[in-house]
Amino acid sequence: MIELRQAALEILAITDAQIKVGRVSQLFDEYQERRITLNPTVILSEQNLELPGRPSKPELIPPLQVPKRRMDSVEGRISLLHSLAHIEFNAINLALDAIWRFSGMPIQYYEDWLKVAKEESYHFTIVNEYIQSFGFTYGDFPAHNSLWEMVERTKDAVIARMALVPRTMEARGLDAVPMIRDRFKQIKEVGAVEILEIILRDEVGHVAIGNHWFNFLCTKDQLLPISAYRDLAKKYCAPKLRGPFNMEARRRAGFSEEELNLLGV
């Protein structure tokens with residue numbers, strides 16, 4: 001039988017976005033049907049694979065070189081949505097990486113990240129289909145690689161990955177998506193608003209998964225979450241968090257009141 005973590009590694013290496021999305025959905029369904037095994041203890045290797053697998057486009061450029069996305073033209077609005085498609089594509093990859101890379105976690109950990117991979121695949125699909133309805137597609141605009149760069153930095157420690165990818169990099173989406181949604185509301189672009197509301201709803205759950213496993217690992221290692229996070233953020237050069245913050249969404253995603261109070265400092 002196929003093993004879940006090995007399959008996740010193989011899918012991570014796929015370069016074609018549509019094939020990758022289809023394989024993630026298939027993997028999720030087959031695991032639910034118990035046609036796939038799970039071995040949390042096996043140590044897997046990249047085996048000279050080029051990770052992550054990604055298409056030749058979009059061109060990846062430094063964040064400060066990404067053009068401003070204006071709302072006063074169709075191309076500007078689609079460029080903004082394209083940036084979301086890129087984030088969702090990277091999020092598929094980071095979920096797959098979390099599955100294959102880290103051994104010795106509870107079974108629920110791998111099942112949680114498989115669910116995340118499935119939902120991120122859905123997000124990518126609905127955003128890409130929407131921009132395709134305007135004559136564009138994923139890869140038509142340049143993008144930056146900040147999210148995956150943090151995935152790379154934290155590949156040596158699952159606690160660092162949980163601290164600094166879902167509950168730092170992805171949690172920024174909880175703050176940003178409502179503002180983007182409201183910009184599309186102002187121009188009555190209903191299709192984009194509906195997509196953004198789906199993404200926001202699901203991303204709360206994804207950040208909550210990161211929070212759960214970070215706190216699990218802190219308890220296991222007898223660490224205080226706030227000081228552990230501070231130390232990891234410094235060690236791995238995490239970006240400094242800047243507001244405004246979506247406190248209500250962050251609260252639903254499992255951040256403690258003490259953590260939320262520190263955001264205001």
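In the predicted model, T219 is located in helix 7. With a relative accessibility of 62%, T219 is classed as exposed. The C-alpha atoms of T219 and Q65 lie 41 Å apart in space, and the two residues are separated by 154 positions in sequence.

Helix 7, which spans residues 190–220, packs with helix 8, residues 225–235, at an angle of about 105°, and the axes are 10 Å apart. Helix 7 is therefore roughly perpendicular to helix 8. On the side of helix 7 the contact is made by F214, N215 and C218, and on the side of helix 8 by P225, A228, Y229 and L232. Classified by residue type, this contact of helix 7 with helix 8 contains six nonpolar residues and one polar residue, with no charged residues.

The axes of helix 3, residues 74–101, and helix 6, residues 158–186, come within 12 Å and cross at roughly 155°. Helix 3 is thus roughly antiparallel to helix 6, and the crossing of the two is left-handed. From helix 3, the residues R77, L80, L81, A91, L94, D97, A98 and R101 meet R161, V165, E170, I180, R183 and F184 of helix 6. Eight nonpolar and six charged residues form this contact of helix 3 with helix 6, with no polar residues.

Helix 4 covers residues 107–132, and its axis comes within 15 Å of that of helix 6, the two crossing at roughly 30°. This crossing, too, is left-handed. Y109, W113 and E120 of helix 4 make the contact with V158, M162, P166 and E170 of helix 6. By class, the residues of the contact of helix 4 with helix 6 are five nonpolar and two charged, with no polar residue.

H123 has a relative accessible area of 0% and is buried. Apart from residues up to four places away in sequence, H123 touches E88, I198, I199, D202, E203 and H206.

The buried residues are L4, R5, A7, A8, L9, I11 and L12. They pack against strand 1 (2–3), helix 2 (17–32), strand 2 (36–37), helix 3, helix 4 and helix 5 (146–153). For L4, when neighbours within four places in sequence are left aside, the contacts are with L27, Y31, I36, T37, L38, I99, Y110 and L114.

R5 of helix 1 is in contact with V42, which also contacts S103, neighbours within four places in sequence being excluded. V42 is situated in the loop between strand 2 and helix 3 and is partly exposed, with a relative accessible area of 30%. The C-alpha atoms of V42 and R5 are 8.9 Å apart, although 37 residues separate the two in sequence.

The loop between strand 2 and helix 3 also holds P52 and P58. The peptide bond joining L51 and P52 is cis, with omega about -5°. A cis peptide bond is likewise present from K57 to P58, where omega is near 15°.

Positive phi values were found at two non-glycine positions, R34 and K188. R34 has a phi near 60° and is placed in the loop between helix 2 and strand 2. R34 is exposed, with a relative accessible area of 75%. K188 has a phi of about 60° and is located in the loop between helix 6 and helix 7. K188 counts as exposed at 71% relative accessibility.

Methods:
Residues numbered from 1 in each chain as written. Predicted model: local features only at pLDDT ≥ 70, side-chain atom pairs only at ≥ 80, totals over all residues. Heavy atoms only, no water. Axes fitted to C-alpha atoms, helices over the stretch in contact; angles between N-to-C directions. Helix = DSSP H or I, 4+ residues; strand = E, 2+ residues; numbered from the N terminus. Parallel < 35°, antiparallel > 145°, perpendicular 65-115°, else oblique. Left-handed = near helix turned anticlockwise from the far one by under 90°. Contact = heavy atoms within 4.5 Å. Nonpolar A, V, L, I, M, F, W, Y, C, P; charged D, E, K, R; others polar. Buried < 20%, exposed > 50% of the residue type's maximum accessible area, 1.4 Å probe, protein only.
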